[in-house]
Amino acid sequence: WAEAGQRGGARVVLPGEELLLPESAGPNAEGSAEQMLRLGSIVRPRARVVCGPGLRRCGDRLLVTKCGRLRHKEPGGGGGGGVYWVDSQQKRYVPVKGDHVIGIVTAKSGDLFKVDVGGSEPASLSYLAFEGATKRNRPNVQVGDLIYGQFVVANKDMEPEMVCIDSNGRANGMGVIGQDGLLFKVTLGLIRKLLAPECEIIQEIGKLYPLEIVFGMNGRIWVKARTIQQTLILANVLEACEHMTTEQRKQIFSRLSES
């Protein structure tokens, strides 16, 4: 049984475990009392619980679906509830609706492109899912091209579907990525760390060389600097950041800036 009694707790959980949450019903509730959280009948209506990656709702229970550390983020206004998710270092990506990913076009099938996103099956991408695309004005997409897009359909019963436009029909940075540059893969945990607001690693890398960089939630990074040597250095630094302490990272960036 997994217990999350502290804010931002980092308890290790395993697949199949049932999540126990503290149910502080009010000021008279006992601080040590920990009861099974029933999503259908929460004591306080405001205590809304959101299941993030690694958790699955099964009836009125929360089940753990992958191994890792249990994380919790309280809602802005307080009042209990919040978001719970499992932070793990997995490499296999499971498509999630709304995620922005980097895919590789593997085939053309009628009006659809098949895109490898690193999941259990390829995603489909319509030729009309690009800004300004029409039946007469088709996008120039070839097999082997890199695509940056987002999922609009992603569940276990259907093939995932991608688009390269936002809700207003604009590309907003999505579409075919340039031919130059380097594509490499990292763990999903590192991607989430790099995409965090005000990430120190990204700020430090931006001071080294002028660069273009694209992050995909599926664990893929595309980076391009002025020279091949600079591009390889950036890729190696990003991969190594996952296993370095803050002090080690600062020493590496100091050496690179001096050279």
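**Ground rules.** I am reading a predicted model, where local features need pLDDT of at least 70, side-chain atom pairs count only at pLDDT 80 or more, and totals for chains, interfaces and linings use all residues. Residues are numbered from 1 along each chain as its sequence is written, and side-chain values use heavy atoms, with hydrogens and water left out.

**Confidence.** I looked up pLDDT, the predictor's confidence in each residue, from 0 to 100. The chain averages 81, and 83% of the residues score at least 70. Residues 1–9 fall below 50, with 26 contacts beyond near neighbours in sequence. Residues 24–46 are also below 50, and that stretch has 34 such contacts. A contact means heavy atoms within 4.5 Å. I note that where pLDDT is low, the predicted coordinates should not be read in detail.

**Overview.** I find four helices and 17 strands. These are DSSP runs, numbered from the N terminus: helices (H or I) have at least four residues, strands (E) at least two. Of the 259 residues, 38% count as buried. Buried means under 20% relative accessible area, exposed over 50%, and partly exposed in between (1.4 Å probe, protein chains only).

**Cores.** A nonpolar core is a set of buried Ala, Val, Leu, Ile, Met, Phe, Trp, Tyr and Cys residues joined through side-chain atoms within 4.5 Å. Which residues touch the most other members of the largest one? I find Leu-125, Phe-130, Ile-147 and Met-162, in a core of 27 residues. Strand E12 gives this core its largest share, four residues. I also looked at what Met-162 touches: its partners include Val-101, Leu-125 and Phe-151, leaving out residues up to four places away in sequence. A second, separate core has 22 residues, among them Leu-190 and Tyr-209.

**Rings.** I find one aromatic pair. Tyr-93 and Phe-151 are stacked, 6.3 Å centre to centre with 20° between the planes. (Rings of Phe, Tyr and Trp, its six-membered ring, pair if their centres lie within 6.5 Å; planes under 30 degrees apart count as stacked, over 60 as edge-to-face and the rest as tilted.) Tyr-93 lies in the loop between strands E8 and E9 and Phe-151 in strand E12, so the pair ties together parts that are 58 residues apart in sequence. Tyr-93 is buried at 4% relative accessibility. Phe-151 is buried too, at 1%.
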